[in-house]
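The exercises below are meant to be worked with the sequence and the coordinates open side by side. Try each task before reading its solution.

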2 protein chains.
Amino acid sequence: MSDANDTAPPIRRLIVIGLGLIGGSVALGAKKRGLVKEVYAMNRSADTLEYARDKGIADKTFQSIEEVLEGASDEDLILLGVPVLSLGPVLEQIHKHLEADATITDVGSTKAALVEKARQVWSTLPSNFVPGHPIAGSEKFGVQAANGDLFEEHRVILTPTGAEDEHHLQRVSDLWSGLGAGVDSMTADHHDKVLAATSHLPHVLAFVLVDQLASMEEQTEVLRYAAGGFRDFSRIAGSDPAMWRDIMIANKESISARIEEFESHLNQLKTALRDSSPEQIQEIFERAQKTRNGFLHKSEENK
Amino acid sequence: MSDANDTAPPIRRLIVIGLGLIGGSVALGAKKRGLVKEVYAMNRSADTLEYARDKGIADKTFQSIEEVLEGASDEDLILLGVPVLSLGPVLEQIHKHLEADATITDVGSTKAALVEKARQVWSTLPSNFVPGHPIAGSEKFGVQAANGDLFEEHRVILTPTGAEDEHHLQRVSDLWSGLGAGVDSMTADHHDKVLAATSHLPHVLAFVLVDQLASMEEQTEVLRYAAGGFRDFSRIAGSDPAMWRDIMIANKESISARIEEFESHLNQLKTALRDSSPEQIQEIFERAQKTRNGFLHKSEENK
């Protein structure tokens with residue numbers, strides 16, 4: 001254990017509901033850095049919980065939300081790590097069983113649907129709820145892939161609803177900063193629009209491409225001669241299908257809009273190809289290359 | 001210099017026309033492994049040639065095809081490393097200036113258009129011409145990125161025309177084997193069909209996606225929050241625009257067919273999304289994930 005953070009009092013109990021890659025990584029990192037006094041974890045799978053206890057990811061584990069919330073206090077932070085579409089039922093359980101003014105946050109990849117769900121469950125937006133999204137995915141998943149340094153030098157987007165008390169927002173922000181991440185803030189709608197372009201659409205394209213190749217007669221050959229490019233491309237197609245299914249449904253509007261926009265850009269290239277216009281093709285490719293190189297440059301700067 | 005290959009006599013002179021990543025890597029690897037006695041290189045750029053001499057990539061360098069072919073013998077191998085659409089004019093120059101029965105091969109990403117061009121230039125398919133394509137790309141380009149081990153554990157596809165003499169085919173095959181690659185053989189048409197799926201289409205999608213993001217109002221933000229997935233995805237969008245423009249034009253038919261097939265698969269996902277059908281979405285994602293994991297498994301086996 002490293003030294004406790006001395007600028008803000010550590011969270012008494014970190015309560016992780018849904019222990020996967022992200023929840024497990026927050027737990028490991030927060031313990032390692034002394035950001036929390038103890039970790040409680042809730043998951044349906046007994047195997048996952050056993051693994052978490054064995055590896056020191058959680059101090060105590062539970063198979064129901066009611067149990068894990070027993071004895072929760074105002075100094076606790078509840079982190080929701082369940083798939084996006086399971087967040088609704090989980091919020092209902094929390095509303096029913098949480099008595100303290102503990103901070104509630106989540107790590108889901110879409111935000112607007114969740115905020116709407118919270119409004120329904122509490123009849124008004126609760127003052128202890130601060131939605132969040134760490135931009136630190138991986139094609140790995142499950143608590144077995146948990147890594148306490150996962151968030152270092154990554155961005156975390158918080159989407160405060162406007163109804164939250166300042167100290168809850170601060171507590172969530174401090175947790176992520178303590179894990180080495182940079183914390184930004186924007187509305188839930190804006191988050192969903194930006195992420196549809198930067199993360200959800202690329203996943204759609206990767207899944208669809210690999211599905212297409214899988215359906216080709218020449219599948220075996222296609223995979224045999226898959227060059228480096230395809231390997232990178234297909235890495236993200238190895239992501240958790242159930243998690244991504246949920247993201248699609250939860251951010252349906254923004255993703256559909258981005259897919260249509262993509263189709264119209266693809267059409268430009270098709271037209272250039274049909275007309276055998278090298279100039280137009282090169283123009284598209286050069287614009288892409290320039291943007292991509294600018295992006296890599298920015299990534300380096302952020303480090 | 002390492003020991004000469006003792007199963008086959010080494011090539012006397014390796015003549016590289018168009019000294020980029022691939023041509024430079026073949027030259028470096030062949031010299032290092034004693035597969036050739038000397039390397040002659042032709043390029044338009046004097047800077048490239050100076051670099052090649054400085055780094056020991058080429059023994060002698062020339063700025064015209066006529067000069068680099070002077071004194072060529074039956075024991076020489078001519079490797080064409082120029083962009084796909086420049087291969088036609090280069091073949092015409094070779095036809096005009098090559099007097100010996102030297103072996104001719106290339107490293108282009110499309111094959112059928114090249115074979116057709118050779119037939120036009122020679123009026124019949126020449127017996128010393130063996131088209132080839134090493135499946136070992138990189139988003140890097142230029143002779144500065146040359147690496148003598150680039151082809152180790154990679155596949156090289158030869159597309160013999162049927163008109164070639166056996167010893168020319170053997171010489172090309174031996175060169176690639178000597179560089180550590182596995183050598184396969186198929187028709188030019190089949191090569192173009194398979195590569196359209198496995199390499200050309202992924203590049204199209206990557207270029208178009210990055211071009212789309214570049215045109216968004218939120219461009220700066222989009223790049224700021226680009227997660228790991230996007231980074232991998234966009235790596236291939238950093239490839240040489242001119243080279244890929246040529247590949248598009250040269251393999252237009254196959255690439256167009258694959259783009260249309262992709263659009264129809266994308267439509268399936270759009271429909272599932274419009275109907276909010278989690279089952280259909282998950283089915284597509286799971287099929288993709290399974291294929292992708294099978295591919296990774298196969299890649300490991302090939303090593």
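**Exercise 1.** Which residue is the bridge partner of R155(B) in β9(B)?

*Solution.* Strand β8 of chain B covers residues 155–158 and is joined to β9(B) by 4 bridges, the two strands running parallel. Within that pairing, R155(B) has G182(B) as its bridge partner in β9(B). Stepping back to the whole sheet, 3 strands are arranged in the order β7-β8-β9 of chain B, forming an open sheet with mixed pairing. Because β7 (132–134) and β9 (182–185) of chain B stand at the edges with a single partner strand each, one side of each has no neighbour in the sheet. From one strand to the next, the twist averages 20°.

**Exercise 2.** Determine the strand order of the open sheet of 6 strands in chain A, and state which strands stand at its edges.

*Solution.* The order is β3-β2-β1-β4-β5-β6 in chain A, and the pairing is parallel. The edge positions belong to β3 (60–62) and β6 (129–130) of chain A, each of which has a single partner strand, so one side of each is left without a neighbour in the sheet. Two of the pairings can then be followed residue by residue. β1(A) pairs with strand β2 (residues 36–42) of chain A in the parallel sense over 6 bridges, and in this pairing V16(A) stands opposite A41(A) of β2(A).

**Exercise 3.** How are chains A and B related, and which elements of chain B contribute to their contact?

*Solution.* A rotation of 180° with 0.0 Å of shift along its axis superposes chain B on chain A, with an RMSD of 0.0 Å. The two copies are thus related as by a two-fold rotation axis. The contact itself involves 75 residues from chain B and 75 residues from chain A. On the side of chain B that touches chain A, the elements giving two or more residues include β8, α7 (188–214), α11 (252–274) and α12 (278–302) of chain B, and α7(B) gives the most, with 19 residues. Since 100% of the interface residues of chain B are also interface residues in chain A, the copies meet through the same surface.

**Exercise 4.** Where in chain A is the pLDDT below 50?

*Solution.* Chain A averages a pLDDT of 90, and 92% of the residues score at least 70. The pLDDT falls below 50 over residues 1–6 of chain A, a stretch with 11 contacts in the model beyond near neighbours in sequence. Where pLDDT is low, the predicted coordinates should not be read in detail. For the model as a whole, the scores are ipTM 0.82 and pTM 0.84.

Key: Residues are numbered from 1 along each chain as its sequence is written. Chains are lettered from A and ligands numbered from 1 in the order in which they are written. This is a predicted model: local features need pLDDT of at least 70, side-chain atom pairs count only at pLDDT 80 or more; totals for chains, interfaces and linings use all residues. Two strands pair if DSSP finds at least two bridges between them. Axes are lines fitted to C-alpha atoms, for helices over the stretch in contact, and angles run from 0 to 180 degrees between N-to-C directions. Copies are superposed by least squares on the C-alpha atoms of residues with pLDDT of at least 70 in both. Two residues are in contact if their C-beta atoms, placed from the backbone, lie within 7 Å. pLDDT is the predictor's confidence in each residue, from 0 to 100.
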